[in-house]
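Hi,

Here is the structure I promised to pass on.

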Amino acid sequence: MTFDFVEPVVFALLAIGVIAGGAAVVLLSRITAGALLMAFTFLCMAGMFVLLGAETIAAFQVLIYVGAITVLILYGVMFTKFGDRPRALFFQRQTPLAVVFVAAVAIPVALFSFSFTSAPPRPGGGDLPALATSVFTDFAFPFEIASVLLLAAMVGAIVLTGRDDPEEAALRRRR
Amino acid sequence: MTVPLGAYVAVSAVLFFIGCAGVLVRRNAVVILMCVELMLNAANLALVAFSRKYGSIDERGSVFVVFVFVIAAAEVAVGLAIILSAYRNRPVVDVDQIHQMKG
């Protein structure tokens, strides 16, 4: 008995999870539930990366997307109040037009994407050696630029959200 | 029997267009940010799938995924900061009501 059927079955389950989670993010009216379903979508995506043999990327995905970005989004949901509104006000007025446009582009692209065929599989082994070699040789300079970008984003986020209210600063100094 | 490359690319395309529809359709700015994250993640799936299954010798595609992670983290941090500072000016997150810069 072989276990060849396991990989397609796992792939089908993960694909259903990814697409249902993504659709729920768009369609659900409750934002907290949407954010948690987004985390679920990211987890299913990490499973797909494992299925593709890219374990390092899967680990990054869990750490950065499921960990950091979901928590940031949840903080954003917490700080902004989006009260209960009638159902019609969740979606923009141009919704039918936008759906028609997106479907008109999406269906040909999705059908076309099935035409890619995979190369014969290479000998196994994780993706970490190849990834590390590329990052620290050919892509060393972009890697440093990326760290500068993260620093700039951090400083920018602090500057954008920091209050410069003089009264409040005085109050804080007195405390 | 392994899963063909086309199936991964198709899932990636479907998720990308779900995110695209969400950006076009929803009103809440935080949900729009979430949909942008979905689109970035769909692009990641396509990059990893092509890198692992399209017969390249070195796996350069995975390196781009790392950079996409960096960009996504920076984007969500700055995007939420902009939403919060706009929210502090006027407590709305409906993108239709944030029109103070309209000429």
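A quick definition before anything else: helices (H or I, at least four residues) and strands (E, at least two) are DSSP runs, numbered from the N terminus. Keep in mind that this is a predicted model, where local features need pLDDT of at least 70, side-chain atom pairs count only at pLDDT 80 or more, and totals for chains, interfaces and linings use all residues. Residues are numbered from 1 along each chain as its sequence is written, chains are lettered from A and ligands numbered from 1 in the order in which they are written, and side-chain values use heavy atoms, with hydrogens and water left out.

Let me start with a glycine in chain B. G19(B) sits in helix α1, which covers residues 5-25 of that chain. Is G19(B) buried or exposed? It is buried, at a relative accessible area of 0%; buried here means under 20% relative accessible area, exposed over 50%, and partly exposed in between (1.4 Å probe, protein chains only). Leaving aside residues up to four places away in sequence, G19(B) touches C35(B), L38(B) and M39(B), where a contact means heavy atoms within 4.5 Å. With C35(B), the C-alpha to C-alpha distance is 4.6 Å, although 16 residues of sequence separate the pair.

As for chain B overall, it has three helices and zero strands, so to speak an α-α-α run from the N terminus on. Its radius of gyration is 17 Å, while a compact globule of 103 residues would be near 13 Å. (That radius is taken over C-alpha atoms, and the globule rule is 2.2 Å times the number of residues to the power 0.38.) The C-alpha atoms fill a box of roughly 55 × 25 × 25 Å along the principal axes. Of the 103 residues in chain B, 61% are buried. Accessible surface comes to about 3900 Å² for chain B, 71% of it from carbon and sulfur atoms; areas are from the Shrake-Rupley method with a 1.4 Å probe, and for residues only the protein chains shown count as cover.

Now chain A. Its secondary structure amounts to seven helices and zero strands. The radius of gyration of chain A is 22 Å, well over the 16 Å that the globule rule gives for 175 residues, so this chain is more spread out than a compact globule. Its C-alpha box is roughly 75 × 50 × 30 Å, again along the principal axes. Of the 175 residues in chain A, 32% count as buried. Chain A exposes about 10900 Å², with carbon and sulfur atoms supplying 74%.

Cheers
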